[in-house]
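Subject: Handing over the structure

Dear colleague,

I am passing this structure on to you, and my notes on it follow below. Please read them with the sequence and the model open beside you.

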Amino acid sequence: MKSLFLIQNLAIKYAKFSLNKSLKSQLNLDLLPNYQTKTPDPNINYMLYAHVPFCHTFCPYCSFHKYAYDESLAKEYFKNLRLEMEQIYKLGYKFNSMYVGGGTTLINESELIKTLELAKKLFNIDEISCESDPNHIEIQNLNRFKGLIKRLSIGVQSFNDEILKKVGRYDKFGSSQTLITKLKNAINVLPITSIDLIFNFPNQTKDMLINDINLAKSIDADQITFYPLMKSSLTKDKIASALGLSKNDNEYEFYTIIEESFKDYYKSNAWSYAKKKLALNDEYVSSKHEYLGIGSGGFSFLNGELFINAFNLNEYNSKIQNHQSSIIANCKFNKKERIKYLFLTEIFSGFIDISKFNQTNNTDLLKMLNIELKLLKLIKAIKIQNNIIQSTQFGRYLWLSLMKEFYTGMDRVRAIFKDDSKIKNSSKINIMKTQI
């Protein structure tokens, strides 16, 4: 067992190294000042992603694209977001689901309602997921979204008052007890309610984690997500300043505790646990391989290509008002790297039906990733039986580690494209090699 443990530790390090190597080779983006959005493939079920880049509170561990909330700026932005939606409708896009991310998506309820109503009118979308912070979940507000939002994810991050104070959330959103009361009142107002927490904060103890787990369970939400703290070169100094430094990394030990605590829950993916199997997945990239992003800083993944929208709010608004595409950059992945990405995002949910995967992605998975799959079996990360690739518990931790690494890499994309000086007068950018 000791030798297997050592091999698995080496496997995690190698997998992270390999992923970063892939990102370095593949994230070479071409700047496209006059790009025209691709017309859709009528045989593909796309997901629509809309970004709301506004927040009242900037947490030290968050590197998502956002601006300090200003009501007039937000109203103009939502107006342009709806205009962009009409533009892609004219291109012929159809969507069966929509994910609204941020930022704080419910930061202006009236504008968001108009936007979601238009989405349902144009595309007949049934499944809409949104994110929120604890200040926008009062019953009277949530009641306004009945028939619009099917799944609401609420960012709590921790029930420990000291952590909440250190990251600036205590004064803004209230104490642990205040949060619990708010959350319990919000349950069952909308069809699916999920709460999000973070584990492995610096100096977080085992008892603190277990207390977070028990309090989260007491709220009786439909789903509970425990994200590992994601430290990138952009956030590590802010995290250290707010929360200090840890002598030990407890991520794997804490993850094992979380897995054991939720053994009676359905595993939606490597970091999400639901009372029962849900139609809407917590991580849209693991269930929606083809998605179109709208809004400032939105990402799209279409037919093996990554597309990036304008981050600069003035540039985004100007492009949409002038009936131009919001896309300003893209990169193409080679076939094998694309299959590796799709494999990671799909196995993240626990299993892969090989026949379905091959048909959907026009590939032979066992042949394309022959060596990789053999190594994953050797380190007991997967089992292959009856044409199904099934994740083991160690595999779940491996996917969590790799997904964290992937999102950290995407932090670099956001950092570079938020800096106008990095992309001005450039024609190509290698994300992993560019200084930030």
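Which residues are linked with Arg82 in a network of salt bridges? The network joins Arg82 to Glu111 and Lys114, where a salt bridge is a side-chain nitrogen of Lys or Arg within 4 Å of a carboxyl oxygen of Asp or Glu.

Before going further, please keep in mind that this is a predicted model, in which local features need pLDDT of at least 70 and side-chain atom pairs count only at pLDDT 80 or more, while totals for chains, interfaces and linings use all residues. Residues are numbered from 1 along each chain as its sequence is written, and side-chain values use heavy atoms, with hydrogens and water left out.

Salt bridges

By the rule given above, the count comes to 15 salt bridges. One of the bridges is formed by Asp30 and Lys428, whose closest N and O atoms are 2.5 Å apart. This pair links distant parts of the chain, since Asp30 belongs to strand 1 (residues 28–31) and Lys428 to strand 19 (residues 428–430), 398 residues apart; helices (H or I, at least four residues) and strands (E, at least two) are DSSP runs, numbered from the N terminus. Asp30 counts as partly exposed at 28% relative accessibility, and Lys428 counts as partly exposed at 49%, where buried means under 20% relative accessible area, exposed over 50%, and partly exposed in between (1.4 Å probe, protein chains only).

The side chains of Glu305 and Lys38 also meet in a salt bridge, at 2.4 Å from N to O. Here too distant parts of the chain are linked, with Glu305 in strand 14 (residues 305–309) and Lys38 in the loop between strand 1 and strand 2 (46–52), 267 residues apart. Glu305 counts as buried at 8% relative accessibility, whereas Lys38, at 28%, counts as partly exposed.

A further bridge joins Lys75 to Glu71, with the closest N and O atoms 3.6 Å apart. These two residues are four residues apart in helix 2 (residues 71–90), so about one helical turn separates Lys75 from Glu71. Lys75 is partly exposed at 40% relative accessibility, and Glu71 is partly exposed at 45%.

Domains and cores

The domain assignment of the chain gives domain 1 (1–30 + 336–409) and domain 2 (46–274), with bounds that come from an automatic or database domain assignment. Taken over C-alpha atoms, the centres of domain 1 and domain 2 are separated by 26 Å. The contact between them, meaning heavy atoms within 4.5 Å, takes 13 residues from domain 1 and 17 residues from domain 2.

The largest nonpolar core has 132 residues, of which Met98, Leu116, Phe343, Trp399 and Phe417 touch the most other members; a nonpolar core is a set of buried Ala, Val, Leu, Ile, Met, Phe, Trp, Tyr and Cys residues joined through side-chain atoms within 4.5 Å. Helix 16 (residues 393–418) gives the largest share of this core, 13 residues. Because domain 1 and domain 2 both give residues to this core, the core lies between them. Leaving aside neighbours within four places in sequence, Met98 is in contact with residues including Met47, Leu48, Met85, Leu116 and Ile128. There is also a second, separate core of nine residues, with Tyr61, Val167, Phe201 and Leu229 among them.

Arg169 sits in the loop between helix 5 (161–166) and helix 6 (170–173), and at 6% relative accessibility Arg169 counts as buried. Not counting residues up to four places away in sequence, Arg169 touches, among others, Cys59, Tyr61, Pro134, Gln157 and Gly174. Arg169 and Ile12 are 157 residues apart in sequence and 33 Å apart in space, C-alpha to C-alpha.

In helix 15 (residues 370–378) you will find Leu378, which is exposed, with a relative accessible area of 61%. Lys374 is found in helix 15 as well, and at 54% relative accessibility Lys374 counts as exposed. The C-alpha atoms of Lys374 and Asn314, 60 residues apart along the chain, are separated by 50 Å.

With best wishes
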